[in-house]
Amino acid sequence: MSLLNTFHFKIQNSDCFLLTNDLGKYIFLEKRDFYQLLKHHKTGNQSLDLELRKRYFLLEPEDLLSENLSCQLRNMKGYLFSATALHIFVLTDACNYQCVYCQAQDEKQQKKRYMDIETARKSVDFVLQSPSEELTFEFQGGEPLLNFSVIKEIILYTAQKCKNKKIHFTLVSNLSLLTPEIRDFLLHHQVSICTSLDGPASLQCRNRISKGERDSYEYVQLGIDLLSQKGYKIGAIETTTRYSLPYAQQIVREYQKQHQSSIFLRPLTPLGYAKSQWQRIGYTAEEFLGFYREALREIMELNRNGYFMKEQQAVYFLNKILLGISENYMELRSPCGAALGQLAYNYDGNIYTCDEARMVAEMGQPVFQLGNVFENTYQEIIASRTCKATCSASIVETIPGCSDCVYQPYCGVCPVIQYALEGNIFSREPNGYRCKIYKGILDTLFSILKNGNSSDCKILESWVMKP
């Protein structure tokens with residue numbers, strides 16, 4: 001008799017069950033077949049039983065020691081085999097915008113601070129202690145271009161110090177301070193550039209309030225045009241506020257107008273200024289999911305009409321669901337990417353488990369601070385109790401409410417956001433705000449995948465096809 005592998009399940013409707021396993025495989029079974037599988041370790045349908053074995057729901061004894069099975073598991077947990085690769089440099093908490101959802105600073109903050117060259121160099125020295133052979137340096141703020149001289153120093157100093165690692169540089173900027181000279185330096189050193197685009201002009205300017213001579217939409221358009229002159233295709237990220245909810249279609253169309261092939265429909269996180277303004281700009285998980293589904297329908301329509309665009313949150317899930325491969329996206333790791341996958345270096349040299357942890361510290365709670373670049377080594381940081389506690393709190397296989405969830409193989413939790421919401425790194429409220437959003441997105445994706453031959457299903461498949 002075949003062995004029944006461990007699996008998770010959910011009743012889709014009165015006559016259909018969704019099954020998933022730790023290898024990321026899934027299958028839909030009719031009620032009769034589901035109970036036959038439980039009772040007899042087979043359904044009696046030869047082709048269906050073959051599919052169950054192909055997807056590792058049924059195992060033969062020899063499968064337990066097979067290289068193929070272990071390879072499948074490594075693909076889903078591959079991030080555990082690499083050291084900290086993403087390193088976020090917070091160059092300043094100053095900004096020339098006043099975004100309604102700013103998570104990087106609290107409304108009480110007055111004095112603005114900047115990373116100096118000594119701290120920047122010491123941070124680079126610290127980063128290069130990571131055993132990872134490939135590293136990403138991400139420049140954040142505030143607005144990082146307010147401290148461009150230090151960005152320049154970090155890039156040049158890294159080139160001088162590092163000869164045996166591959167380094168990628170990324171800049172997240174509102175582009176308002178971009179000049180031809182800055183652009184040419186960044187492109188010469190192959191710095192990837194990403195900006196914030198929340199939608200058409202009226203929405204962009206309502207969410208992202210510029211303190212300069214131009215509004216935020218004009219600045220981002222000028223920045224995109226300036227980069228386009230050199231043939232550079234910029235990335236963009238969207239943040240959803242209550243003001244965004246009625247404009248799902250218009251937001252997607254704006255991304256098409258800007259020739260974007262990807263849009264990340266991001267829910268708002270109640271950190272920093274966004275937390276104090278939540279009653280004005282926040283929403284329920286159900287409200288966000290209504291927005292998300294409407295936007296997804298518009299994205300599908302664009303794809304059906306020949307314009308390729310993917311939704312990035314869906315892509316992170318679909319890589320696991322369709323390919324059995326986990327991208328190194330920090331929020332969907334188990335344990336999460338805090339410290340083991342990313343570290344954040346504040347302007348004062350303090351080191352945090354992630355950028356969200358640094359944001360919580362700006363709110364007066366530095367509970368996720370791991371040390372300081374002037375005082376600690378990489379090994380000390382990774383071995384710290386704070387690092388261990390954060391990791392243990394984010395292993396979804398052991399968390400009540402997560403461990404037996406059908407979506408557990410695809411999901412992740414963030415102890416930092418959990419702490420900001422509930423004052424505890426371990427969830428005390430099952431099925432909370434972020435959980436509902438992830439479940440809702442996965443419900444939407446699996447409802448499409450259930451109709452395996454539909455045009456929408458083929459569109460989802462195209463999003464994870466490798467070039």
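Helix H13 (residues 312–323) packs against helix H19 (residues 455–463) at an angle of about 95°, and their axes lie 9 Å apart. This is a predicted model, in which local features need pLDDT of at least 70 and side-chain atom pairs count only at pLDDT 80 or more, while totals for chains, interfaces and linings use all residues. Residues are numbered from 1 along each chain as its sequence is written, and side-chain values use heavy atoms, with hydrogens and water left out.

**H13 with H19**
- The angle makes H13 roughly perpendicular to H19 (65 to 115 degrees; under 35 is roughly parallel, over 145 roughly antiparallel, and the rest oblique).
- Ala314, Val315, Leu318 and Leu322 in H13 are in contact (heavy atoms within 4.5 Å) with Leu460, Glu461 and Trp463 in H19.
- Of the residues in this contact of H13 with H19, six are nonpolar, none is polar and one is charged.

**H18 with H19**
- Helix H18 (residues 433–449) also packs with H19, here at an angle of about 120° and with the axes 8 Å apart.
- H18 and H19 are therefore oblique to each other.
- On the H18 side, Leu445, Ile448 and Leu449 meet Asp456, Cys457 and Leu460 of H19.
- The residues of this contact of H18 with H19 comprise five nonpolar, no polar and one charged.

- Leu64 is placed in the loop between strand S5 (58–59) and helix H3 (67–76).

Technical notes:
Axes are lines fitted to C-alpha atoms, for helices over the stretch in contact, and angles run from 0 to 180 degrees between N-to-C directions. Helices (H or I, at least four residues) and strands (E, at least two) are DSSP runs, numbered from the N terminus. Ala, Val, Leu, Ile, Met, Phe, Trp, Tyr, Cys and Pro count as nonpolar, Asp, Glu, Lys and Arg as charged, and the others, Gly among them, as polar.
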